[in-house]
Every structure is written in C-alpha cells, then in structure tokens.
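Try each task before you read its solution.

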Amino acid sequence: MPNINKLNLSDDPLPLDLKVMPQGLGSRPQTPQPGIYQFRLPEMPAIENCFDVMETEDSQILVAVFADDHMLFNETLGRFYQGRVNNRFREITQTNRETSEKETVLISDYGMMLKALKAEPARISNRYLAAALVECAGKSFIAEHTLTASCQKTREIFQKGQRVTGKMGCGKQYAVEAWKGQKSERHQIPVEADGKVALRFECACGAELRSWGQLQGFRSA
Ligand SMILES: [Zn+2]
C-alpha cells in the first residue's frame with residue numbers, strides 16, 4: 001500500500017457534503033433488552049423527516065417515527081434505535097401537590113418526551129409540537145425501553161415463517177411483566193434460557209409473534 005504522502009492525492013473539490021449525509025443508513029439495529037437508556041434525537045436536517053400522522057374521525061394524531069436516516073441513537077449501548085412516539089392522549093389521576101386533591105390530567109407519550117427535552121412550544125398544536133421537536137435536534141433524553149407483543153385478531157397468523165391463510169390471531173397481548181386489570185390482561189413474554197426476554201416467540205395459539213419496542217418513563221438527561 002502506498003503511503004499517504006506518496007500518492008499525489010488530488011485536491012480537486014468533490015461534490016460530497018458530510019453535513020447533510022445521514023448517519024446509520026443501512027444499519028438494521030437489533031431491538032435491545034428492556035431497560036433504561038439514554039437516547040439522542042436525530043440531527044438537522046434528518047429530524048425533519050421523522051413525522052407522520054394518524055388520522056381518526058375527528059382528529060389528527062402526531063407521531064414521531066424514528067427510522068431509516070432519522071433513528072434515535074441509543075447512547076447507552078452505542079447503537080441506533082428504531083421507534084415511534086405518538087401524541088395519543090390518555091387520562092391519569094394524580095394528586096395535586098398544592099391542594100393534595102386528586103385531579104385528572106391528560107398526558108401523551110410525545111408530550112412527555114418534549115417535556116424531558118425541556119422543549120417549550122409556543123402553542124399546543126400539532127404544527128407547533130412538531131416544530132418544537134425539530135428545535136431539539138441532537139439533544140438527549142432518558143427513557144425506559146420495554147417490549148410488547150400482540151396476537152392480532154384482525155390479521156392472519158404466521159407459522160414457520162409462512163402466513164396461514166384464513167387463520168386469525170387469538171387476541172392475546174403480551175408485555176415484559178404480566179398483569180391483569182378489569183378490562184384487559186397482559187401475558188408475560190417468554191424468557192429464553194439465557195435470561196433474555198424473547199424477541200420472537202410462539203403464542204399459545206401457535207402464532208409466531210415478534211416483540212416490539214416501546215418507550216415510556218421519559219425524563220431529562
Ligand atoms: Zn395467539
């Protein structure tokens with residue numbers, strides 16, 4: 001191999017721009033085991049590509065889709081992370097610190113992610129919430145990555161990697177830890193011999209399922 005000084009390297013400008021080149025393109029990140037990790041948002045301009053909406057009858061739900069050239073970077077593990085964080089509302093009951101009274105509060109995963117990033121959108125609308133995330137490009141937050149799986153009644157199941165025509169899923173839902181409420185139930189995702197939570201496993205009905213990552217417990221880095 002020639003030495004760098006003996007190659008007579010050309011100094012003609014080349015049309016490449018490292019600033020706009022994506023990071024992590026082509027890598028297919030493995031879903032990590034459940035845990036608390038520090039994540040970094042994509043840089044500009046890639047972060048501008050991470051938005052989608054779910055249209056319902058009466059509203060538009062904003063979703064941050066971290067994939068392709070706009071994945072999150074899991075700083076704890078030093079590798080990219082694919083995920084979705086949506087702005088679907090849900091109600092929780094919490095105790096007001098000043099009055100000690102119970103009150104109902106509307107929350108969303110997207111909102112809690114913005115709060116962890118210390119974003120301060122000027123208005124609470126999808127347009128402003130999206131712009132607020134773009135302003136946080138390259139910033140980090142901490143979140144818990146957990147796994148869920150579901151055997152969907154509306155989809156034909158897979159067995160041995162093949163779709164089974166006409167056989168639908170049984171509706172069972174799975175989480176890292178099992179729980180049972182009044183209206184719903186989560187079964188435990190199986191743990192493999194090495195102690196790891198299974199990323200692929202078989203449902204009681206025989207369907208082959210995949211565990212998907214989900215972020216929760218957002219807090220500031
Ligand atoms: Zn099933």
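**Exercise 1.** How many bridges join β2 to β3, and do the two strands run parallel or antiparallel?

*Solution.* Note that this is a predicted model. Find β3 at residues 60-66. Five bridges join β2 to β3. The two strands run antiparallel.

**Exercise 2.** Work out the strand order of the open sheet, then name its edge strands.

*Solution.* Strands of a sheet pair through backbone hydrogen bonds, either parallel or antiparallel. The open sheet here has three strands, in the order β2-β3-β6. Their pairing is antiparallel. Now look for strands that pair on one side only: these are β2 (51-55) and β6 (83-86), the edge strands. On average, neighbouring strands of this sheet are turned by 30 degrees against each other, direction ignored.

**Exercise 3.** List the buried residues of α1 and explain why they line one face of the helix.

*Solution.* The buried residues are Asp-109, Tyr-110, Met-113, Leu-114 and Ala-116. Look down the axis of α1: these residues fall within an arc of 160 degrees, so they line one face. Their packing partners are β3, β6, α2, β9 (140-150) and β17 (212-220). Just after α1, Lys-118 takes a positive phi of about 60 degrees.

Key: Residues numbered from 1 in each chain as written. Predicted model: local features only at pLDDT ≥ 70, side-chain atom pairs only at ≥ 80, totals over all residues. Pairing = 2+ DSSP bridges. Helix = DSSP H or I, 4+ residues; strand = E, 2+ residues; numbered from the N terminus. Axes fitted to C-alpha atoms, helices over the stretch in contact; angles between N-to-C directions. Buried ≥ 20, exposed ≤ 12 C-beta atoms within 10 Å, placed from the backbone. Arc of directions from axis to C-beta. Contact = placed C-beta atoms within 7 Å.
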